[in-house]
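Hi,

Here is the structure I promised to pass on to you. Please have a look at it first, and then read my notes below.

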Amino acid sequence: MNFKEEYQKRVESIEEILKRYLPAREGYQEIITEAMEYSLMAGGKRLRPMLMRESYELFGGKGRLVEPFMAAIEMIHTYSLVHDDLPAMDNDDYRRGRKTTHVVYGEDMGILAGDALLNYAFETACTAFDLEPEHSLLIGKALQILARKAGIFGMLGGQVVDVKESGHRITGDVLDFIYRLKTGALIESSVMIGAVLAGASDSETAEIENIAAKVGMAFQIQDDILDVTSTTEMLGKPVHSDEKNEKTTYVTLKGLDEAGKEVERLTSEALCGLSRLGHENEFLEALLKWLVYREK
């Protein structure tokens, strides 16, 4: 398998799904749908919808039921980035290689574009009921996961603590909490929703959640490493932003070498967990390995 080719095929497929679920540009509020599209179609790794579909197929899922949720998870992820970039948060001017939403549309529309993406994510996910009404119980369960993992006990909760604790050194326990929620929650949500929609058992869903928690932690630590070692051109966003915002990271806490070892350990444990599930997915294994060696 040529990983880069397979990865690119999946990214292109996800881009087409996102385009299908974009809101129509019409009415007096057209500027907000334009800003939503600008934000959502700015590119990126598309990791979360990719993981969702791979999990769906891992547990035998077929058809398009997963697609509204793939679009929804990317909308939620994008809204979080739009708000992260705002002057009151990280105050970044570039994201994914181009100007951030608030720089292009103004701070007011940046705030509203993030709000709109979050709300429209749930409108989009709910269209799954129209696709396969006979699977309404599974869709309802998937919606519960999506809502909780995006909220105060998930991504948003992690962001709250991240913002609250900026500007001073924090303990490793607090840092782990932030990473588990801020980054890990949506990755966990992605694979759990894929599993649930495919009809996986509760124990299988719990196991894939545990695997995703390790993946999310490894992914965020790798981000810390790249913030120090990469370039703005490579990342498509400013480097050394953690230092600028006086944030404690795995690199500032443990150093580059130890941070790198932690990424490898977590990824190895995630791969072992995946093999224990007893389902084959060669691309998913390669994707998890790529997280260790990616350069952006």
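At what angle do helix 6 and helix 8 pack, and how far apart are their axes? Helix 6 (residues 107–126) packs on helix 8 at about 165°, and their axes are 11 Å apart. (Axes are lines fitted to C-alpha atoms, for helices over the stretch in contact, and angles run from 0 to 180 degrees between N-to-C directions.) Helix 6 is therefore roughly antiparallel to helix 8, a label for angles over 145 degrees, while those under 35 count as roughly parallel, 65 to 115 as roughly perpendicular and the rest as oblique.

Before I go on, a word on the model. This is a predicted model, in which local features need pLDDT of at least 70 and side-chain atom pairs count only at pLDDT 80 or more, whereas totals for chains, interfaces and linings use all residues. Residues are numbered from 1 along each chain as its sequence is written, and side-chain values use heavy atoms, with hydrogens and water left out. Helices (H or I, at least four residues) and strands (E, at least two) are DSSP runs, numbered from the N terminus.

Back to the helix pairs. Phe 122, Ala 125 and Cys 126 of helix 6 touch Leu 143, Leu 146 and Ala 147 of helix 8, where contact means heavy atoms within 4.5 Å. This contact has 6 nonpolar residues, no polar and no charged ones (Ala, Val, Leu, Ile, Met, Phe, Trp, Tyr, Cys and Pro count as nonpolar, Asp, Glu, Lys and Arg as charged, and the others, Gly among them, as polar).

Helix 12 and helix 17 (residues 282–293) make another pair: their axes come within 9 Å and cross at roughly 30°, so the two helices are roughly parallel. Their crossing is left-handed. On the helix 12 side Val 215, Phe 219 and Gln 222 take part, and they meet Leu 288, Leu 291 and Val 292 of helix 17. By class, that contact has 5 nonpolar residues, 1 polar and no charged ones.

Now the salt bridges (a side-chain nitrogen of Lys or Arg within 4 Å of a carboxyl oxygen of Asp or Glu). The whole structure has 21 of them. In one, the closest N and O atoms of Glu 74 and Arg 96 are 3.7 Å apart. Glu 74 lies in helix 4 (residues 67–84) and Arg 96 in the loop between strand 1 (94–95) and strand 2 (98–99), so the pair ties together parts that are 22 residues apart in sequence. Glu 74 is buried, at 1% relative accessible area (buried is under 20%, exposed over 50% and partly exposed in between, with a 1.4 Å probe and protein chains only).

Lys 149 and Glu 209 form a salt bridge at 2.8 Å, N to O. They connect helix 8 (residues 136–150) with helix 12 (residues 202–229), 60 residues apart. Lys 149 is buried at 14%, whereas Glu 209 is partly exposed at 25%.

Lys 182 and Asp 162 pair at 2.7 Å, N to O, linking helix 10 (residues 172–182) to helix 9 (residues 155–164). Asp 162 is among the buried residues of helix 9, and those residues pack against helix 4, helix 8, helix 10 and helix 11 (184–197).

Best wishes

Terms used: Left-handed = near helix turned anticlockwise from the far one by under 90°.
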